[in-house]
Amino acid sequence: MASAISGAAKQIFTSVADTAKVADLQRDSIDPSDKTNKGLTTDSGTYVSDTDNWLKAQDGTHVGPSLLEDQIAREKIHRFDHERIPERVVHARGTGAHGYFKVYDDRAKKYTTAGVLTDPSRTTPTFARFSTVQGSRGSADTVRDVRGFAIKFYTQEGIWDIVGNNIPVFFIQDAIKFPDFVHAVKPEPHNEVPQGQSAHNNFWDFVGLQPESAHMVMWAMSDRGIPRSFRMMQGFGVNTYTLVNDKGEKFFVKFHWIPELGVHSFVWDEALKICGQDPDFHRKDLEEAIHSGAYPTWKFGIQVIPEANEHDFDFDILDATKVWPEELVPLEILGEMVLNKTVDEFFPETEQVAFCTAHVVPGIGFSDDPLLQGRNFSYFDTQITRLGVNWEELPINRPVCPVLNHNRDGAMRHKITKGQVNYWPNRLGVGAPVPTNQGGYADIATKVQGIKQRVRAPKFQEHFNQAQLFYNSLAPHEKQHLINAMSFELSHCDDPIVFETYTKLAANIDFELAKQVAINVGGIVPEKPARPNHGKATATLSQLYYAPKEPTIASRRIAILVADGFNLAEVEALRAAFKLGQATTFVIGPRRGWVYSAGQIAGKGTGVWADHHYEGQRSTLFDAFIIPSGAEHAQKLAQNGRCIHWVREAFGHLKPIGAIGEGVAFLHEAVQLPGVSLMSDLSSDSVVNSYDVVTAGKYDSGTVAADTLKIAQGE
Ligand code: HDE
C-alpha cells in the first residue's frame, strides 16, 4: 500500500486544536457552570424559584389538588412529553466525534478540483458517526453486524458527506430492494424478534433467495462483523462516485479509510459476552481513546478509474456488490482524518447529525450506480421525518461556509433572510446563481441515451466470483471464524427450508464451506456445484494485511490482576511502562479501593488503588493482562474461582497474558492451562504478542519480564 505520510506531516496534524466547526457550535452552546448564568429559568427566560413543588391549593394542613394553572410545571412536563424523536430507520445505534481531515499534498489535482482533496494548507473539520445497522437505539454495541462509517466534511465549499460502512460491498445492487432487505434483517413483524442480530429466519430467507447478497454475507459473517473498536475498522464509501478535474476529465472513484491501529476484531465469544457485560463498549472505547489523547486516526485513500476505462473489467464498476481489487486499481493515499474531540451533548450532536449522500462539493459527483442513485433520494427524505424539513439548519448539520438561497419556511425555520424577494430571477439581482467558473457546482457532462425499462446491466448478473475471492483471501483462522459465524446464525433459523436454501447457495461460493456449515446446522449437504471455486486470492481483503508495521499497545486496555500481598514495585514499573506506551491500565483487585502489597500494613494510602473488583469487570473487557509476583497474593488468586476464570477466559480469547514470579506458578498450578510455555522457551516469532505488551511501552523487559508467560496456543 502506497503511503505518503511523513514525520513532519504527522506532527502538524496532531497539533490542530478546535476546528472551525467546533468554534461554530459555540454559538449555540450553554455552560450551566458559567457564573454569568444566575440560575434556572423557564424556556422563555424567567427565573424559576421552585422546581420541586407543583402549585397546589393548601388549606391548613390539608394540601389539595395540583393546579393546572402552574405554567412552570406545565412547561416542564410538556417538554418532557416530547423529548423523543423517531430513531433512524437503520443505523439507529451509534456514536460520534469531531475531528479534522487534511491531505498531504495536491497530487489529487489530476483527478479533481475539490479543494478538500487537493489543498494541503486546509484543515477541514469533520464529524464522524459510527453505528450498527440492525438494532434499535438502545441495542448493544458488539453485536454481529455491519458498522456504519459516516463522515461529514465541513468544507469551505459546503458539506460533503461520505456515508459509508466498514465493509466495502453491500447486500443489494439496486436501491429498490432496500426496503425488502431492511424488513428482512430487522426484527420479524409478528413478534419483533430478534434485536441486534441477523440470526433469524427472515434475514437468511431473503439472502438465500437473493444471490447478489452472497459477497456481502461473506464479509458480514467474517471477523469484520465483530470489530474490536470503531477505531480499528476500515471505512469504505462503497458506492462508485466520480471526480472531475479542471480539464473536465471524469474519473470513477471509490473512497477508503484505513485505521492507523490496524484492523482488529473480537472473537465471537467475547463479542457475545460484552453485549451483556458492557453494551456501550464501543461508545466508551471511542470516548476513552479521545480523552486519553490517543486520537483515532485513519488514512484516506482513493481508487480511481478514468472514464474511458469503465468497461475494462469483468465486473461492472457501478455494482456495489463488487470491490475493485487493488492489484487492478491501486489505492492512492491522499491524507488522513483524526478524531480529537468528543461531543458535549449527545442528542444535539450525535443524534441530530444527519448525513446525505447527495451532499457533494464541486469536483466530486455521482455515477449511475443504481444503489447510489436511490440513496441520493432517500437520505434527504428520511431526515424530514426524523428532524423536519429544516434539518440542514441544525447547528451540527449547518456548513461553516455561507448559505444563501430562496428555500423558505417549513417547520422550525431558524434563519431570517432579509429583503423583499425570495425567488430568482428578481429585479434586485440578489441571490443569483454562481457561474461554474466562479465556484458554482457543475454537473459533470455525461451522455445519456437508451430505452426506458426495468433492467440491470449484464455484468450485474454474476454474484459468486468475488465472494470466492474474499473467502480465498482469508487466513485459515479467519475462514474458520466465518464458518462458525454462519453456522451460529443458521442454527438460529428454525425453518429447514431457510438453512437448506442458504447452504445450497453457499456451495456456489465454496463447497467445503457449505458442507461444513450444513453438517453443523443439521441440514442436507448440498450437491457439489458444476462451477468450482476459482481459487484466486488477493492480499488486501484479509484484515491481517492492515496490521501496523510497528506493533503498538497505544490505547489498548491492560489489566493488572492483584490480591493482597502483591509486589508493589512491579506494579508501579508496569504501570509506568504501559503509560509510556499510551496504553490504559486498570488494576483489578478483590475490592475497589486499596489493595495491600507484600509487607505493607493494611491502611489508607498503602498498596495500590484497584479500579475494579473481580466481579466488577471481566477479562473480556481488556486486551491483555498481567499478574505480578507475591506469594500471598498468588495464593489468594488461586483460591478465587473468578480469578481462575479470568485467566481461562482470556486464554480462550487468545489474549496476551503476562505473569511474574509466583504469578507464573499461579498460572501453572491453579489455572492449569494447556499449551502454555514460558516466553523464554519460545522462539521470537511466536512470542510477539506477549512480548509487545511489555516492550512496546519501552519497558526494560530484562528486569520484570523474564518470566512473562506466553499463551502459545489458544482456542
Ligand atoms: Fe443507508 N440509510 N441506505 N446505506 N446508511 C440510512 O439515513 C439507504 C446504504 C448508511 O450515522 C438512513 O439518516 C438506502 C449503503 C449509514 O446517521 C436512510 C440504501 C451504505 C447510515 C438510508 C442504503 C449505507 C445510513 C437511515 C440503499 C454504505 C447512518 C437514517 C439504496 C455505503 C448514517 C438516515 C448516520 C442511514 C437509506 C444503503 C450507509 C434510510 C435507500 C450501501 C452509515 O436514509
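Start with the ligand: 27 residues surround it, the closest being H91, G148, A175, V238 and S378. A residue is near a molecule or strand here if its C-beta atom, placed from the backbone, lies within 6 Å of it. Before going on, keep in mind that this is a predicted model, where local features need pLDDT of at least 70 and side-chain atom pairs count only at pLDDT 80 or more, while totals for chains, interfaces and linings use all residues. Residues are numbered from 1 along each chain as its sequence is written.

Stay with that shell and color it by element. β4 (124–132), β5 (147–155), β6 (158–165) and α11 (370–387) each supply at least two of its residues, and α11 gives the largest share, seven residues. Helices (H or I, at least four residues) and strands (E, at least two) are DSSP runs, numbered from the N terminus. Now color by class: you get 13 nonpolar, 11 polar and three charged residues.

Next, select 41–432. An unreviewed UniProt entry annotates this span as "domain: Catalase core"; UniProt positions are given in the numbering used here, feature names are shortened, and annotations may be inferred rather than shown by experiment. The end C-alpha atoms of the span lie 43 Å apart, and it is 22% helix and 22% strand.

Now pick strand β8 (residues 241–244). Y241 and L243 point one way, T242 and V244 the other, and all are buried (20 or more other C-beta atoms within 10 Å of a residue's own; 12 or fewer is exposed, in between is partly exposed, with C-beta atoms placed from the backbone). Strands pair if DSSP finds at least two bridges between them. T242 has F252 as its bridge partner in β9. The hairpin of β8 and β9 has five residues between the strands, and there G248 takes a positive phi near 80°. Then show strand β12 (residues 364–366): it pairs with β8 in the antiparallel sense over three bridges, with I364 opposite L243.

Buried or exposed? N191 counts as exposed because it has 7 C-beta neighbours inside 10 Å.

Move on to helix α15 (residues 511–521). Its buried residues are L513, A514, Q516, V517, A518 and V521, and what covers them includes α12 (465–473), α13 (476–491) and α14 (496–506). Just after α15, G522 takes a positive phi of about 75°.

Last stop: an open sheet of five strands in the order β17-β14-β13-β18-β19, with parallel pairing. β17 (612–613) and β19 (657–659) stand at the edges with a single partner strand each, so one side of each has no neighbour in the sheet. Zoom in on β13 (residues 557–561) and β14 (residues 584–589), which pair over five bridges. R557 has T584 as its bridge partner, and I558 stands opposite T585. Five of the six residues of β14 are buried, so β14 is largely enclosed by the rest of the structure.

Definitions and conventions. Ala, Val, Leu, Ile, Met, Phe, Trp, Tyr, Cys and Pro count as nonpolar, Asp, Glu, Lys and Arg as charged, and the others, Gly among them, as polar. Two residues are in contact if their C-beta atoms, placed from the backbone, lie within 7 Å.
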